[in-house]
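Here's a quick walk through a model, one piece at a time. Keep the viewer open and follow along.

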There are 2 protein chains.
Amino acid sequence: MKNKGKVTIYDISKKLNISAATVSRALNNNPKISEKTRALVAKTAKEMNYKQNRLAQALKQGRTNNVGVIVPYINRSLFSSVIRGIEEELTPHGYHIIICQSHEEAENEAEQINALLNTQIDGIFMSVSRTTQRTDHIQKILNDHTPLVFFDRKIEVPGVSSVVLDDFKAGYIATEHLIKEDCHKIAHLSGDINLEIYKNRFEGYKKALKDYDIEFNPEYVIQVNSKIESGMQAIDELWNLDEKPDAIFSAGDYAALGAMQELRARKIKIPQEVCVVGFSNEPFTKYVEPPITSMDQTPLMMGKIAAQVFLEQVKENTTISIEKKVVLPPELIVRESSDRKLYNLSDAS
Amino acid sequence: MKNKGKVTIYDISKKLNISAATVSRALNNNPKISEKTRALVAKTAKEMNYKQNRLAQALKQGRTNNVGVIVPYINRSLFSSVIRGIEEELTPHGYHIIICQSHEEAENEAEQINALLNTQIDGIFMSVSRTTQRTDHIQKILNDHTPLVFFDRKIEVPGVSSVVLDDFKAGYIATEHLIKEDCHKIAHLSGDINLEIYKNRFEGYKKALKDYDIEFNPEYVIQVNSKIESGMQAIDELWNLDEKPDAIFSAGDYAALGAMQELRARKIKIPQEVCVVGFSNEPFTKYVEPPITSMDQTPLMMGKIAAQVFLEQVKENTTISIEKKVVLPPELIVRESSDRKLYNLSDAS
DNA sequence: TTGTACGCGTTATCAG
DNA sequence: CTGATAACGCGTACAA
């Protein structure tokens, strides 16, 4: 039997000939308990190797001090870093974090939500999956009066807070950067437009083109997923065009990497002939050859802020749900894959 | 109030004018309940949007159907893949997975264990942190009669099952491969020898040298951590020697990458002048230039097997703890960084 | 087949 | 300052 050795406040109370209530109060540092008994209880609790049963406590108090985080994949740099940020901010407050993966399936997402709600989680952080269209399962969270914070990928649901990147601006900055590197035929490897983030990056791209009087060419937009291979295929398609692009702005680093591989296979020089910009600042972008320019999403901060938004939400013991929308500025990390000036300098020397 | 809308079996029982016990039984598909009432209960439960309170259930039954996984970092390819494997195997059995990170700190590890035990977890999977020396916190798990399975990185504790790689063999194979590529001055970037895995890889390396009559040179062994930079420093040290190595076997992919960068900075040709072999088959090894030969640890399988070991353990409702030690065979993925034959062929053509 | 009554381990309320 | 008691929501002997 597993519970064989479990010691409860009852055991302590019997040993000390006091009531269980007093033991509970002593352990919880209730102010109206004598210093003497408090010390005594603390001491014997340690001696008897007492462990508080958080299940019982949670059942009684209606809160578990657990929060859930749902992400598409845990091994994406963005997500693991955001989780780290949430962790750093919430651990000092006594919260523990349950991490779930949706594997980009709306169905899994719904199941994870159910599981978390059943487990009486105190809050949910989530980045919606690519395939999430409906909002029924999100509504369940709200109906349950469980605080919810979206990060990075959100869905428009009234009353839900979110912490996201300014993806429109990011798309604009990336494109503008390429234009300033003297690129004029800029292709865009877009993610699934159903996700706001990709739509916004795309819109930012178009706006930059417009501002710099470059005509938007729909043939230059290829939809990719976040696999290397899809980046390769995109180059295949683009290089079938009469007017080959002279720059690639990819909405994801993996597709950017694939594109770069395919370009190199075709002996196309990067950045001299084609510049490449990726998105997410995955660790590998720094180490591949050439290093890839990429958009940093300040994920650690994203996680911390999401956690803070959550903490504010639970602090208010009012029923009114505050809706807070935080938008973070992106930061372009320029590396060799799009840095033609670097080459001009070398040539001059 | 969060619990405002919570509906319990009591509410259902009142609505149907039956006892809560009957409702409970009906929902749990107890065989001795009439089909009629079962259907009725199921129907109204759905109507009233009833959600079982897993906390109460867990408190009553003494099991939560939650398991904990503790890893150093979730964003390492090995760990995230193992987690995926555990997930795939355990989800169909109704388990949910709580993922924790130790960040390589024994102290964090101990805290996570405490937290998990308090939450009344049904089992713990863990890969010990680099700084873990003592086994007190591990003993706590055993004292609690909570099933424990080590994966990849273990500590010798009697009665604990484990699923690990055959690191000795892996070290041997990697070294042998380099020897067969005609390398004779093979350096080893070792991890912290306090961890069994690194010790075993090192021993395998030495054994291969011995079997092929190559003298072991302690100057060729540099300790690194899993950061790029430490791989660079290792090359700095090695290239101060009179006899420069002609091959690098690194116990980690990140150090291997750093080593490769530093070698390239010194205009040393890979693999023509120096061959490089890494460890873990991180995704990036395939995409850097040149692609890095690396040891695959079949992490998905590792996770699945660990889960199976756990399931066996909980199936036996006996008190005897079965100790099962699974050792998986490594698989060397040969890529350009150590494939001299590739170059010989090209030269010949 | 169903109802009654109790306990899982805590905490909160109300007396004292 | 402390003790007795109820309650959180559920499952299960025992009885009917």
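Which residues are buried in H9(B)? Before getting to that, keep in mind that this is a predicted model. In H9(B), the buried residues are B:Ile197, B:Tyr198, B:Asn200, B:Arg201, B:Phe202, B:Gly204, B:Tyr205, B:Ala208 and B:Leu209. They pack against helix H8 (167-180), strand S6 (186-190) and strand S8 (247-250) of chain B. Just past the end of H9(B), B:Asp213 takes a positive phi of about 55°.

Stay in chain B for a moment and look at the loop between H8 and S6, where you'll find B:Cys183. This cysteine counts as buried because it has 23 C-beta neighbours inside 10 Å. Skipping neighbours within four places in sequence, B:Cys183 is in contact with B:Leu178, B:Asp246, B:Ala247 and B:Cys275. Another pair to pick out is B:Cys183 and B:Ser338: they are 155 residues apart along the chain, yet 9.8 Å separates their C-alpha atoms.

As a reminder, strands of a sheet pair through backbone hydrogen bonds, either parallel or antiparallel. For a close-up, take strand S1 (residues 66-71) and strand S3 (residues 123-126) of chain A, which run parallel and are joined by 4 bridges. Within that pair, A:Ile70 stands opposite A:Met126 in S3(A).

How do the two chains meet? On the chain B side, 30 residues are in contact with 29 residues of chain A. H4, helix H5 (77-90), strand S2 (96-101) and helix H6 (106-118) of chain B each supply at least two residues of that side, and H4(B) gives the most, with 5 residues. By type, the side of chain B that touches chain A divides into 13 nonpolar, 12 polar and 5 charged residues.

Finally, the DNA. Around DNA strand D there are 26 residues, and the ones that come nearest are A:Ala21, A:Thr22, B:Thr8, B:Ala21 and B:Ala56. H4(B) provides the largest share of this surface, 5 residues. The surface near DNA strand D splits into 9 nonpolar, 12 polar and 5 charged residues. Around DNA strand C there are 27 residues, with A:Thr8, A:Asn53, A:Ala56, B:Ala21 and B:Thr22 coming nearest. There, H4(A) gives the largest share, 5 residues, and the surface near DNA strand C holds 11 nonpolar, 12 polar and 4 charged residues.

Terms used: Residues numbered from 1 in each chain as written. Chains lettered and ligands numbered in written order. Predicted model: local features only at pLDDT ≥ 70, side-chain atom pairs only at ≥ 80, totals over all residues. Pairing = 2+ DSSP bridges. Near = placed C-beta within 6 Å. Nonpolar A, V, L, I, M, F, W, Y, C, P; charged D, E, K, R; others polar. Buried ≥ 20, exposed ≤ 12 C-beta atoms within 10 Å, placed from the backbone. Contact = placed C-beta atoms within 7 Å.
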